[in-house]
Amino acid sequence: MNIGVQHGIWNKDFAADKAGFESVGTIHWNYATSELYEQSLQKREGELAKGGALAVDTGQHTGRSAQDKFIVRDTNTEDKIWWDNNKAMEPKHFSLLWQDMLAHAKGMELYAQDLFGGNDKAHQLPTRVFTEYAWHSLFIRNMLVRPEREALEEFVPSMTIIDLPSFKADPERHGCRTETVIACDFTRKVVLIAGTSYGGEMKKSVFSLLNYLLPSKNIMPMHCSANVGDKDDAAIFFGLSGTGKTTLSADPSRTLIGDDEHGWGPEGIFNFEGGCYAKTINLSREAEPEIYSTTERFGTILENVMIDADTRLPDFFDKTKTENGRCCYPIDFISNASETGIAGHPKNVVMLTADAFGVMPPIARLTPEQAMYHFLSGYTAKVAGTEKGLTEPTATFSTCFGAPFMPLHPSVYGELLRDLIAQHNVTCWLVNTGWTGGAYGVGSRMPIKATRALLTAALEGSLNAVDFRTDANFGFEVPVAVENVDTKILTPRKTWSDKQGYDTQAAKLVTMFIENFEKFENHVDSAVVDAAPQLSQAAE
């Protein structure tokens, strides 16, 4: 192996040659935050924002390239991967891509970080990440779990990521779609990223592999946020973008476990990550003071955020670059974050939806079968104006509240969740943060004060003591009256002036659920199928 210069701390017995590198100009091993800042600024990869954050741009890719992600289809993955949801790559194409990327790296200056995916030491995924950019090395250092410095000389990776944005893939030679590719070999635990500078590809690659590996150990990988109260009463919050997952889990009276990825195993829940990757669009000090404060700190990365050339102040309301501006920071930048990233078994599971049809109640209690049904459905709704050509609310179903990151069939995750719920006597809730009094354009957004009051009552346990009714549309239980909450909004039909319009809209949404779930019916038992809404009941 012809490595010109190597700096830092690493395991000399498990060096870069184990990833296939034969000739590299320089490798900077496990650089600390300050060293990566210096490297990034020297190379003009980014600029300093006021307060000390490092501001960077990712070029044409300001989000994940979901259509360019592939999983190698080999004898190990052939019968395991949910191929209806994941694109396949032939082993020969992956090998050529790996070979060509290693050749591209000859003489290049690279950065390497040795980190862990997962805070639970019994189930951690030791991960080595080689990057072309210094700021990418800082990004992944922020996002994953950092070992103690003295442990780095003995670190042995199980997973390897090679991230070279300057390499352009050849679709014909490499069996991909474009010059951009995220290729995952789950057998060899190697991920190759090329043609994109978006930092999120690295973190989601680790999540995808954990989603593949952990279910066989009876550990449920989850795309969710989590927090815990002072009585060890942990709660999990599933939800797609825009449903309030980050906002509602950021409760100053509870400790934040993590904001995006967790596992649930024999000892309880644990954060997969050591950092947060929060959206910054319209971020303000008043609305989200904890997250806002991180954008003024040394160590935070501001990704695709407009920075004033004179004042160096970030403008979080400027959408010129993208609406997907982000800040990436270590989780300990949040004052009430957990020091361990670990909590006991949750007492409550919350599934968040933003129902733009105005049909669902603000909160409902679910049976284990209903919880599995709604988990597999992963429902929320997009509203008019969020996408070009969208003129009315549109239902969105993303199974397991994170379909792009689920390599196995959704029923695998659904059954794990149902078993854990039953084993630990967990109470499940469906919370609608969407519309009331009519569909989007007629009704109004669910009052955040009411949502917080209902959620607080659910997590504290007092909500279980009130009277419930059975919802005619979905069959789940809905509270009849709750202190400090307008009773009217608990029965959505009563909030509509056009009662017939409500019935029509409810029947329409019920039909969407039924049609979407048809693809899962042969993978779940009859009790889950029976948890579906019924058209015959879709009117009050």
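Which strands does helix α3 lie across? Let's find out in these close-up views of a predicted model, where local features need pLDDT of at least 70, side-chain atom pairs count only at pLDDT 80 or more, and totals for chains, interfaces and linings use all residues. Residues are numbered from 1 along each chain as its sequence is written, and side-chain values use heavy atoms, with hydrogens and water left out.

**View 1. Helix α3 over its strands.** Helix α3 (residues 134-143) lies across β4 (54-56), β17, β18 (301-303) and β21, and runs at about 110° to β18. Helices (H or I, at least four residues) and strands (E, at least two) are DSSP runs, numbered from the N terminus. Axes are lines fitted to C-alpha atoms, for helices over the stretch in contact (heavy atoms within 4.5 Å), and angles run from 0 to 180 degrees between N-to-C directions.

**View 2. An open sheet of 5 strands.** The order is β3-β4-β18-β21-β17, with mixed pairing; two strands pair if DSSP finds at least two bridges between them. At the edges stand β3 (46-48) and β17 (275-279), each with a single partner strand, so one side of each has no neighbour in the sheet. Neighbouring strands are turned by 25° against each other on average, direction ignored.

**View 3. Where β17 meets β21.** Strand β21 (residues 326-330) runs antiparallel to β17, joined to it by 5 bridges. Look for Tyr277, whose bridge partner in β21 is Cys328.

**View 4. Around Asp114.** Asp114 sits in strand β7 (residues 109-117). Its side chain makes a polar contact (N or O atoms within 3.5 Å; within protein, one must be able to donate a hydrogen and the other to accept it, and residues adjacent in sequence count only if both atoms are side-chain atoms) with the side chain of Arg128 (2.7 Å).
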